[in-house]
Amino acid sequence: MTDRESALRKLAVGDIFHARSPNGASLVCLVTSVDDGTIHARRIHTQNDVRFDRTTGLRMPSARTRIDCVTPFPRDIHNIFLEVDRKHRELTDLTRQGVELTLDQTRMTDDEKRANLYINPHVAANPI
């Protein structure tokens, strides 16, 4: 088993990882379940469900987006991302119900800004 595969196999429900698409888009993902061959996750900022191959880290079915960091974020940043996930889930539900969101509901907090600014340096320092 390669180091990459070993790192991917350690991901568990509740872990947060990062993936990058070919166009440079950053995907901060929360693991929702795992099975022998697949990591099931939710993109925190968009609430889209995504799947990744547990051996290669490639997004399924497109195989162009790849997990590039599984090193845990510091606890405070991890907790901020969990809060962002909760907030975006609630806002997505409201939008689906036809509620028009206000600027105050969608505005990033200082902590959210701090967490988002932490992503690129963290990924660059901890690639797989």
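Tutor: Buried means under 20% relative accessible area. The model discussed here is predicted.

Student: Why is Lys87 called buried?

Tutor: Lys87 has 13% relative accessibility. The cut-off is under 20%, so Lys87 counts as buried.

Student: What makes Lys87 and Glu112 a salt bridge?

Tutor: The closest N and O atoms of Lys87 and Glu112 are 3.1 Å apart. A salt bridge requires a side-chain nitrogen of Lys or Arg within 4 Å of a carboxyl oxygen of Asp or Glu, so the pair qualifies.

Student: Is Glu112 buried or exposed?

Tutor: Glu112 is buried, because its relative accessible area is 7% and the limit is under 20%.

Student: Why is Asp76 called partly exposed?

Tutor: Partly exposed covers what lies between buried, under 20%, and exposed, over 50%. Asp76 has 38% relative accessibility, so Asp76 counts as partly exposed. Arg114, at 37%, also counts as partly exposed.

Student: What makes Asp76 and Arg114 a salt bridge?

Tutor: Their closest N and O atoms are 3.0 Å apart, and the cut-off is within 4 Å. This pair links distant parts of the chain, with Asp76 in helix H2 and Arg114 in helix H4, 38 residues apart.

Student: Why is Asp104 called exposed?

Tutor: Asp104 has a relative accessible area of 61%. Exposed means over 50%, so Asp104 is exposed. Its salt-bridge partner is Arg107, with the closest N and O atoms 2.7 Å apart. Arg107 is partly exposed, at 43% relative accessibility.

Terms used
Residues numbered from 1 in each chain as written. Predicted model: local features only at pLDDT ≥ 70, side-chain atom pairs only at ≥ 80, totals over all residues. Heavy atoms only, no water. Helix = DSSP H or I, 4+ residues; strand = E, 2+ residues; numbered from the N terminus. Buried < 20%, exposed > 50% of the residue type's maximum accessible area, 1.4 Å probe, protein only.
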